[in-house]
Amino acid sequence: MRFRHRAAAGFATLLLPLAGLVSLASPAQAATSATATYAKTQDWGTGFEGKWTVKNTGTTSLSSWTVEWDFPSGTSVSSAWDADVTSSGTHWTAKNKSWNGTLAPGASVSFGFNGAGSGSPANCKLNGGSCDGGSVPGDAAPSAPGTPTASDVTNTSVKLAWSAATDDKGVKNYDVLRDGTKVATVTTTSYTDTGLTAGTSYSYTVQARDTADQTGPASGAVAVRTTGGTTDPPPTGSKVKLGYFTEWGVYGRNYHVKNLVTSGSASKITHINYAFGNVKNGQCTVDDTYAAYDKAYTADQSVSGTADTWDQPLRGNFNQLRELKAKYPHIKVLYSFGGWTYSGGFAQAAANAAAFAKSCKAVVEDPRWADVFDGIDIDWEYPNACGLTCDTSGAAAFKTLMSALRAEFGSNYLVTAAITADGSNGGKIDAADYGGASQYVDWYNVMTYDYFGAFNAQGPTAPHSPLTSYAGIPQAGFNSADAIAKLKAKGVASNKLLLGIGFYGRGWTGVTQAAPGGSATGAAPGTYEAGIEDYKVLKTSCPATGTVAGTAYAYCGNNWWSYDTPATIAGKMSWAKNQGLGGAFFWEFSGDTAGGELVSAINSGLS
């Protein structure tokens, strides 16, 4: 999968040791202590990014924290993440979120904000104490209640029960949180949540409040899926129509979830893969947290037509996907991990596949967005073969990984993988046990594109996504038909294979002939990357002049491009149906026209 990741701007970090943070300990305990530091992590002249880091330096746990400071006139916070930030004049207050208030001895937590102006914080107070890192005795916040258990699950309701929290002065009531948002306050240790959607995943936690109105840490989360609905593959005769939505597209490409609505694409797809989560230290993790769940959308930018507020529990792409699913309930969303840039972590993940799978489920089921995702997609480029780096984890590693994911996620979630389309003898399909792993997946996204391109700068020119072989093809087995045939021969069922379509072209410059097979001098200029251009641009800048092996090519000036058009997509969809494939997928939405003509071609071709 192609992955052009937004580069982070360089910055200098200024650490300013500031306030001491203290817990509110019971009279029977020694009060703990903590420190906080402030860092200006980015400065772009008209504004800056700041980060506070709170560390528990004491011997007892912190149950909550509040950081207060003053900014000089003209300096302010415009948005914040991982804390609830408010102001009164030039005085600013940041309180922990429901999920990050507890700090064990030695643990630390950070929250950040975007600011305007150039001032630095002053007069810091933490939990009302002085800024000296000392301790302040006081009333203890309640403990965390027990993790809720779920029973009597129906299409629209679930009963929750939990063990009581403890407090030195007594517990007054409990807040019940669904997907990180409070839905009820009760005085008992049980609650029945109603008005839910059939076949939908939810995550519940509980927080206790004492007689002094102090809120304790959240309980562990319980995942609940209501009955009814389905995340099973479409029934026989129905095809998967899946598109990748890139996390970083909200920046330079200015492509947002709402574009799926305005283009008409949302009504013509069945699934979205959100790309990409990262794989670090053998664990799944969110990559760009700002784009994923903190970026604020105005009313005109959002799917719902309602502006995000500074204090809502979830913003960013995840909230926009939640709004999209509310508007188009037929769409299922999968969280895709890996990609070209982030596949280097899969070898470590496969070495402890069960732990990896557990970490992935924790990300997918995070209480803040557990209702957004219906499954997980793994884009390992490539098991036991070379991509950006070379993997030597062995032919069985991929099967081990997919088996662990299915065991962890169970049958109520989709588990899929994007895989190589190298159909050559001894190529990447032969390097891993894709046949054995197929029993654990709902389908494979076979990446039948990027076969040829200006990564071979001198050519020969060739279509990057040939459906079939043709006379003069530079490499045998580098085409969709050979890849699909090889996967079928390895035991992968036809309906578990999706044909891949690129919404972009690959091109060369310095080409002197229109027909494929010409020499070149390098990569053709592209908007974001040399040798690559979106279909929406190529459609008019270099219109197709011919077809070869079921895909289009274009010769304009001394540039030569290959890409798919609505007409060639129609041919590929017909071929996919004749092969009994499960459908098609594409990389990625933002390469299409504003009217979504390539998505329309896939939808029409598979209908």
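Colleague: What percentage of the 607 residues of the protein count as buried?

Modeller: This is a predicted model, in which local features need pLDDT of at least 70, side-chain atom pairs count only at pLDDT 80 or more, and totals for chains, interfaces and linings use all residues. Residues are numbered from 1 along each chain as its sequence is written, and side-chain values use heavy atoms, with hydrogens and water left out. Buried means under 20% relative accessible area, exposed over 50% and partly exposed in between, with a 1.4 Å probe and protein chains only. By that criterion, the buried share of the 607 residues is 55%.

Colleague: Which residues does Thr187 touch, not counting residues up to four places away in sequence?

Modeller: Thr187 sits in the loop between β13 (181–186) and β14 (190–193); strands are DSSP runs (E, at least two residues), numbered from the N terminus. Contact requires heavy atoms within 4.5 Å. With residues up to four places away in sequence left out, the residues touched by Thr187 are Lys172, Asn173 and Tyr174.

Colleague: Is Thr187 buried or exposed?

Modeller: The relative accessibility of Thr187 is 64%, so this residue counts as exposed.
The category for Thr187 is therefore exposed.

Colleague: How far apart in space are Thr187 and Ala370, C-alpha to C-alpha?

Modeller: Along the sequence, Thr187 and Ala370 are 183 residues apart. In space, their C-alpha to C-alpha separation is 26 Å.

Definitions and conventions
Helices (H or I, at least four residues) and strands (E, at least two) are DSSP runs, numbered from the N terminus.
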